[in-house]
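Me: I would like to go through this model with you. Could we begin with the strands and then turn to the helices?

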Amino acid sequence: MKIMSIDSSTTSSGYSIFVNGEYIRSDCINLKKVKGDKLPQMVIELFNIIDNERPDTIVVEELSVVRNAQTVRKLTMILGAIYGKCLDEKIEWYSLRPT
């Protein structure tokens, strides 16, 4: 079983890959130097990784309380896009509260 965990952000999203419970690798999508709206590019980058990795399960971190409403909206859109991809690709989806 291959699990992909995602800690999403509008500028720098991290992900990790686990196979049969064993950590394989992790990386970060860094869009800090991208000008303008980073949201579409972040979704495209995450989709490319999901397509390349073909995980059985994706685990994401739920949103925590953020003071900036615009950031909350964008993070919600990223999580919604990932959830839609999971539905489309028949990938199990779990969300966990940050600790």
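Me: Is strand E4 mostly covered or open?
Reply: Strand E4 (residues 57-61) is mostly covered, with 4 of its 5 residues buried, where buried means under 20% relative accessible area with a 1.4 Å probe, protein chains only. This is a predicted model, in which local features need pLDDT of at least 70, side-chain atom pairs count only at pLDDT 80 or more, and totals for chains, interfaces and linings use all residues. Residues are numbered from 1 along each chain as its sequence is written, and side-chain values use heavy atoms, leaving out hydrogens and water.

Me: How does E1 pair with E4?
Reply: Strand E1 (residues 2-7) pairs with E4 in the parallel sense over 4 bridges; pairing requires that DSSP finds at least two bridges between two strands. Thr57 in E4 is the bridge partner of Ile3.

Me: And how many bridges join E4 to E5?
Reply: E4 and strand E5 (residues 92-96) run parallel and are joined by 5 bridges. Glu61 has Leu96 in E5 as its bridge partner.

Me: Now the helices: at what angle do H1 and H2 cross?
Reply: The axes, lines fitted to C-alpha atoms over the stretch in contact, of helix H1 (residues 39-53) and helix H2 (residues 69-89) cross at roughly 30° and come within 10 Å. H1 is therefore roughly parallel to H2, a term for angles under 35 degrees.

Me: Which residues make the contact?
Reply: With contact meaning heavy atoms within 4.5 Å, H1 contributes residues including Leu39, Leu46 and Phe47, and H2 residues including Met77, Ile78 and Lys85.

Me: What is the division by residue class?
Reply: The contact of H1 with H2 comprises 10 nonpolar, no polar and 3 charged residues.

Note on methods:
Axes fitted to C-alpha atoms, helices over the stretch in contact; angles between N-to-C directions. Helix = DSSP H or I, 4+ residues; strand = E, 2+ residues; numbered from the N terminus. Parallel < 35°, antiparallel > 145°, perpendicular 65-115°, else oblique. Nonpolar A, V, L, I, M, F, W, Y, C, P; charged D, E, K, R; others polar. Buried < 20%, exposed > 50% of the residue type's maximum accessible area, 1.4 Å probe, protein only.
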